[in-house]
Amino acid sequence: MGKKKYKKHLLKSLKSLGESEYLILKSMTNLMLHKELKKNNIEFKDGDTFSFKDNIFDYSEDKNVRKLAKLRRSMLKTVNKLVSKNNFKDKEIKFLG
């Protein structure tokens with residue numbers, strides 16, 4: 001496999017990891033909010049916003065949310081290592097931003 005094809009496949013892998021990371025974040029947010037907001041009788045109305053720090057998932061009562069958070073951190077760490085070791089140009093990895 002040529003160098004350009006290899007780099008193209010690696011970029012495709014990074015894109016897939018980025019999309020998967022987003023889906024995991026979305027899933028664990030929904031899981032946590034659904035369970036813990038329902039338990040504490042907290043309701044949001046259309047247009048309400050909610051902000052939080054990333055480590056909120058580490059303190060969830062739901063062990064599945066905590067496992068997903070651990071997986072997500074591992075994925076982000078892997079993506080960062082792949083990016084730093086392969087000297088990508090900013091425009092090549094803008095999809096990760």
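These points cover the salt bridges, surface patches and selected residue positions of a predicted model.

1. Basis. Because the model is predicted, local features need pLDDT of at least 70 and side-chain atom pairs count only at pLDDT 80 or more, while totals for chains, interfaces and linings use all residues. Residues are numbered from 1 along each chain as its sequence is written, and side-chain values use heavy atoms, with hydrogens and water left out.

2. Salt bridges overall. A search of the whole structure gives 4 salt bridges, a salt bridge being a side-chain nitrogen of Lys or Arg within 4 Å of a carboxyl oxygen of Asp or Glu. In general, side chains of opposite charge can pair when their charged atoms come close.

3. Lysine 7 and glutamate 92. These residues form a salt bridge in which the closest N and O atoms are 3.2 Å apart. Lysine 7 belongs to helix H1 and glutamate 92 to the segment after H2, so the pair ties together parts that are 85 residues apart in sequence. Helices here are DSSP runs (H or I, at least four residues), numbered from the N terminus. Lysine 7 has 28% relative accessibility and counts as partly exposed; glutamate 92, at 22%, is also partly exposed. The classes are buried for under 20% relative accessible area, exposed for over 50%, and partly exposed in between (1.4 Å probe, protein chains only).

4. Arginine 72 and glutamate 21. What is the N to O distance in the salt bridge of arginine 72 and glutamate 21? It is 2.5 Å. Arginine 72 sits in helix H2 and glutamate 21 in helix H1, so this pair ties together parts that are 51 residues apart in sequence. Arginine 72 is buried, with 8% relative accessibility, and glutamate 21 is buried at 15%.

5. Aspartate 58 and arginine 73. Their side chains meet in a salt bridge with an N to O distance of 2.7 Å. Aspartate 58 is in the loop between H1 and H2 and arginine 73 is in helix H2, so the pair ties together parts that are 15 residues apart in sequence. Aspartate 58 is partly exposed, with a relative accessible area of 30%, and arginine 73 is partly exposed at 43%. As for shared partners, salt bridges join Glu21, Asp54 and Arg72 into one network.

6. Positive patch. Lys35, Lys63, Arg66 and Lys67 form a positive surface patch. Patches are made of residues with over 30% relative accessible area and no salt bridge; like charges are joined within 9 Å, and nonpolar side chains (Val, Leu, Ile, Met, Phe, Trp, Tyr) within 5 Å. Lys and Arg count as positive and Asp and Glu as negative, with His and the chain ends not counted. The place of a charge is taken as NZ of Lys, CZ of Arg, CG of Asp or CD of Glu. Helix H2 (residues 63-85) gives the most to this patch, with 3 residues. Lysine 67 lies in helix H2 and is exposed, with a relative accessible area of 56%.

7. Nonpolar patch. Ile42, Phe44, Phe50 and Phe52 make up a nonpolar surface patch, and together they have about 360 Å² of accessible area. Accessible areas come from the Shrake-Rupley method with a 1.4 Å probe; for residues, only the protein chains shown count as cover. Phenylalanine 50 is in the loop between helix H1 (3-39) and H2, and it counts as partly exposed at 40% relative accessibility.

8. Threonine 29. Is threonine 29 buried or exposed? At 15% relative accessibility it counts as buried; its place is in helix H1. Leaving out residues up to four places away in sequence, threonine 29 touches Phe52 and Phe57, contact meaning heavy atoms within 4.5 Å. The C-alpha atoms of threonine 29 and isoleucine 56 are separated by 9.7 Å, with the two residues 27 residues apart along the chain.

9. Lysine 38 lies in helix H1 and is exposed, with a relative accessible area of 63%. From lysine 38 to asparagine 86 the C-alpha to C-alpha distance is 45 Å, and the two are 48 residues apart in sequence. Glycine 97 lies in the segment after H2 and is exposed, with a relative accessible area of 100%. Glycine 97 and tyrosine 59 are 38 residues apart in sequence, and their C-alpha atoms are 26 Å apart in space.

Key. Helices (H or I, at least four residues) and strands (E, at least two) are DSSP runs, numbered from the N terminus.
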